[in-house]
Amino acid sequence: VMKLNPQQAPLYGDSVITVQLTEEDKVEDDVVFYLVFTGSTVQHCTSTRKINPGSLETISPGHDCCETVKVALCASREGHPVLIVAEESFQFVQDEAYDAAQFLASCAGNQQALNFTRFLDRSRPPAADVDFLDEKVALAFRHLKLPEEWNVLGADQSLTENIPRETLMHFAVRLGLLRLTWFLLQKPGGRGALRIHNTEGATPVSLALERGYQKLHQLLTEEEAREPDSWSTLSHTVHSGDYSVKHHRGLDVYMLTAE
């Protein structure tokens, strides 16, 4: 028996999972533990890091759908066959950050929806909440399978820059969401959005200035601006065919995903 804490993770993954081992599994130092998550179409294998003799830590993989999967704790030791030590079930769920990312992605060109996001801004959340929101929504956005033609400015590309309107970029900047702003800047229409005035005549750049968001203003105006530090910058993914390997530098955990 092993205990996983928590027993679920958001679809986009990248959250810390702790594995509590039972007495008899607390073994010598030369045993390597890893977890295998088996879903209906995708399988992930993650390495673990020992916190103490009785517990391990790993990073949850990003999964392709909401479902309960089987997790096997495997132990390997040089010169011995790989053993399955314990099995447990684990759930991938769609959380609020994922809902928010889907909502925002779908309302890129929708003025009514974007005006609703302006209304949200009147109750400015505290900085710690903004940071949490920024991290989670940016991770979720990264995990969404956006259609090829997706654009920060919405589907109607015939609108010229002279038509005053709200954009997703105004939304991200107004709330001070650094990582989401960076993510949108890399997408089609992201740079173009910086020049668009809303009905008050504000561009995302002037909003950042007016609100005193210095880091954000740098991000929007400097040529060499780098990606803001975040959980996602701690990981590096390499894709090859149906496989991908991700290295999470923060915990030094590797993850292999196979379709």
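What percentage of the 259 residues in the protein is made up of buried residues? Buried residues make up 46% of them, where buried means under 20% relative accessible area, exposed means over 50%, and partly exposed lies in between, with a 1.4 Å probe and protein chains only.

Before the tour starts, please keep in mind that this is a predicted model, in which local features need pLDDT of at least 70 and side-chain atom pairs count only at pLDDT 80 or more, while totals for chains, interfaces and linings use all residues. Residues are numbered from 1 along each chain as its sequence is written, and side-chain values use heavy atoms, with hydrogens and water left out.

**The whole chain**

Begin with everything shown as a cartoon, where the secondary structure comes to eight helices and twelve strands; helices (H or I, at least four residues) and strands (E, at least two) are DSSP runs, numbered from the N terminus. Along its principal axes the C-alpha trace spans about 70 × 35 × 35 Å. Of the contacts with a separation of 6 or more, 63% are accounted for by residues 24 or more positions apart, a contact being heavy atoms within 4.5 Å.

**Two domains**

Next, colour residues 3-94 together with 234-258 as domain 1, and residues 96-221 as domain 2; the bounds come from an automatic or database domain assignment. The C-alpha centres of domain 1 and domain 2 lie 34 Å apart, and the contact takes six residues from domain 1 and eight residues from domain 2.

Now select Q94, which is found in the loop between β9 (83-93) and α1. At 32% relative accessibility, Q94 counts as partly exposed, and, leaving aside its neighbours within four places in sequence, Q94 is in contact with L11, C66, D99 and Q102.

**Where two helices cross**

Select helix α1 (residues 96-106) and helix α3 (residues 127-143), whose axes come within 8 Å and cross at roughly 65 degrees. Axes here are lines fitted to C-alpha atoms, for helices over the stretch in contact, and angles run from 0 to 180 degrees between N-to-C directions. The crossing of α1 and α3 is right-handed; a crossing is right-handed if the near helix is turned clockwise from the far one by less than a right angle, and left-handed if anticlockwise. Show the side chains of A97, Y98, A100, A101, L104 and A105 on α1, and of K136, V137, A140, F141 and H143 on α3, to see what makes the contact.

Stay on K136, which lies in helix α3. Is K136 buried or exposed? K136 is buried, with a relative accessible area of 19%. Not counting residues up to four places away in sequence, K136 touches Y12 and A97, while S230, 94 residues apart from K136 in sequence, is 9.9 Å apart from K136 in space, C-alpha to C-alpha.

**An enclosed helix**

Move on to helix α5 (residues 178-185), where eight of the eight residues are buried, so the helix is largely enclosed by the rest of the structure. What covers the buried residues of α5 includes α1, α3, α4 (168-174), α6 (190-193) and α8 (214-221).

Then pick L177, found in the loop between α4 and α5, which is buried with a relative accessible area of 2%. Beyond residues up to four places away in sequence, L177 touches V130, L133, D134, F171, A172 and L216.

P6 is in the loop between β1 (3-5) and β2 (8-10), and the peptide bond from N5 to P6 is cis, with omega near -5 degrees. D14, in the loop between β2 and β3 (16-20), has a phi near 60 degrees, a positive value in a residue other than glycine, and at 4% relative accessibility D14 counts as buried. D252, in the loop between β11 (243-248) and β12 (253-258), has a positive phi of about 55 degrees although it is not a glycine, and D252 is partly exposed, with a relative accessible area of 49%.
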